[in-house]
Amino acid sequence: MTDSAYPPISDQLADLDAAQEEGRRKMDWAAQHMPILEHVREEFVADKPFDGERIAMAMHVEAKTAILVETLAEGGAEVAVTGCNPLSTHDDVSAALDTHENITSYAKRGVDDEEYYDAIEAVIAHEPTITVDDGMDLVAAIHEDYPELIDGIIGGAEETTTGVHRLRAMDDDGALDYPVFAVNDTPMKRLFDNVHGTGESSLASIAMTTNLSWASKNVVVSGFGYCGKGVAKKAAGQNANVIVTEVEPRRALEAHMEGYDVMPMAEAAEVGDVFLTTTGNRDVIVREHFEKMQDGVLLANAGHFDIEIDLEALDDLAVDRYEARDGVEAYELEDGRRLNVVAEGRLVNLAAPVSLGHPVEVMDQSFGVQAACVRELVENGAAYDAGVHDVPDELDKEIAEIKLEAEGVAFDSLTETQREYMGSWDHGT
């Protein structure tokens with residue numbers, strides 16, 4: 001292990017015992033509703049597949065993530081973990097993790113940019129053999145600042161859309177020097193975590209933070225990928241009028257045929273009551289849009305980074321800024337209009353004061369895939385060249401089967417005749 005001056009969370013909290021107790025209480029609740037990771041943990045405890053491995057993680061450190069971290073540690077790994085967003089860590093959960101003999105947690109809520117990257121460097125100082133990332137900051141830091149460690153890294157796994165986008169760009173440039181599984185792109189992630197998780201948790205966080213209703217509001221959803229589809233579906237289910245903005249013609253057409261209004265942001269800006277960005281890109285809502293918005297609108301982001309809403313431009317337009325509610329900052333414009341930004345434009349389902357992230361059951365599925373990917377790297381890492389890799393379909397199906405069994409749901413399987421038919425080409429009309 002190389003030297004790092006950045007301290008673990010246990011060295012940063014005043015009332016450590018109370019924090020650890022509360023963090024463990026949150027984790028125990030989550031664990032009750034995570035049958036996939038319970039199943040996987042039992043296997044890992046019995047087999048110890050990760051003995052001798054050092055796993056570096058940059059994730060949203062809260063109760064559900066903590067169950068994944070402990071599951072990997074129970075499999076024999078030494079795990080070092082930090083946050084992947086300055087406002088998503090639960091300090092008590094981070095402290096509870098740090099009590100485990102195989103886990104060192106550096107995650108702390110509310111750190112500034114310098115502390116955020118210091119904590120990532122502290123994780124890297126453990127000289128990982130495997131990385132597990134949410135947003136790709138960890139992978140990027142290793143490649144930029146610690147390339148000498150890459151030869152010792154078997155591979156990694158990436159959780160989120162934004163991180164996979166960054167990884168693919170890096171891979172296209174020939175700059176990604178070890179294999180990374182695109183966990184975000186599996187059916188078990190996209191169909192459940194992105195759709196149901198983002199939809200439910202984003203809307204719940206905004207509602208709890210603002211104490212406002214969705215019914216009858218014009219909700220502008222920017223981006224109609226899996227996350228945007230989930231937000232639109234859940235908002236419509238709460239009797240909102242949904243408007244979708246898109247840059248991709250097929251997704252715009254899909255939203256139109258789903259029954260949503262589709263229009264450019266320049267038009268939506270004039271009629272929207274709530275704006276929720278889900279694109280993974282930057283500058284989605286900018287100055288020209290702010291200038292058209294109605295008094296009292298809510299601006300929130302469900303993408304990974306806080307660059308989808310151009311807050312610098314909004315700040316330039318504002319003559320006053322004040323905290324309207326805990327987690328809501330009002331920007332008052334010269335003509336008296338107030339545009340309200342939720343959670344500083346950061347990931348609203350994790351960074352708002354009362355946010356709890358995705359529902360527990362949803363994250364059990366995504367983290368089950370993560371755990372299976374780490375196991376695959378240890379067992380078959382040599383089979384994967386440097387670059388971005390799809391998660392093997394059999395691993396994704398394995399997690400689905402564990403979940404179905406836990407839910408008591410039976411399903412059919414192909415007969416031999418059907419299997420032969422599907423695998424042949426010579427059955428004509």
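**Exercise 1. Sort the residues lining the largest pocket by class, then find where they come from.**

Start with the classes: the lining of the largest pocket has 14 nonpolar, 23 polar and 13 charged residues. Keep in mind that we're working with a predicted model.

Next, the space itself. The volume of this largest pocket is about 930 Å³. Now look towards the middle: 50 residues line the pocket, and Thr161, Cys227, Thr278, Thr279 and Gly280 are the closest to its centre.

Last, trace the lining back to the fold. The elements giving two or more residues are helices H3 (63-74), H7 (161-172), H8 (187-210), H9 (226-237), H14 (348-351) and H15.

**Exercise 2. Work out which helix gives the most to the lining of the second largest pocket.**

First, get your bearings: this pocket holds about 330 Å³ of space. Of its 19 lining residues, Trp29, Lys64, Leu356, His358 and Val360 sit closest to the centre.

Then go through the helices. H1 (16-32), H3 and H8 each supply at least two lining residues. H8 comes out on top, with five.

To finish, check the classes: nine nonpolar, six polar and four charged residues make up this lining.

**Exercise 3. Locate the largest nonpolar core and follow one of its residues, Met27.**

Step one is the head count: the core has 47 residues, and those with the most contacts inside it are Met27, Ile55, Met57, Leu68, Leu72, Val79 and Leu97. Helix H15 (residues 360-380) contributes the largest share, nine residues.

There's also another core apart from this one, with 30 residues, including Ala56, Ala122, Met136 and Ile142.

Now zoom in on Met27. Skip its neighbours within four places in sequence, and its contacts are Ala63, Ala66, Ile67, Glu70, Val93, Ala96 and Leu97. As background, nonpolar side chains in soluble globular proteins tend to be buried together.

Conventions. Residues numbered from 1 in each chain as written. Predicted model: local features only at pLDDT ≥ 70, side-chain atom pairs only at ≥ 80, totals over all residues. Heavy atoms only, no water. Core = buried A, V, L, I, M, F, W, Y, C linked by side-chain atoms within 4.5 Å. Buried < 20%, exposed > 50% of the residue type's maximum accessible area, 1.4 Å probe, protein only. Helix = DSSP H or I, 4+ residues; strand = E, 2+ residues; numbered from the N terminus. Contact = heavy atoms within 4.5 Å. 1 Å grid on protein atoms, 1.4 Å probe; cavity = no way out; pocket = protein on both sides within 12 Å on 5 of 7 lines; lining within 4 Å. Points joined across faces, edges and corners; volume = space filled by probe spheres on them. Nonpolar A, V, L, I, M, F, W, Y, C, P; charged D, E, K, R; others polar.
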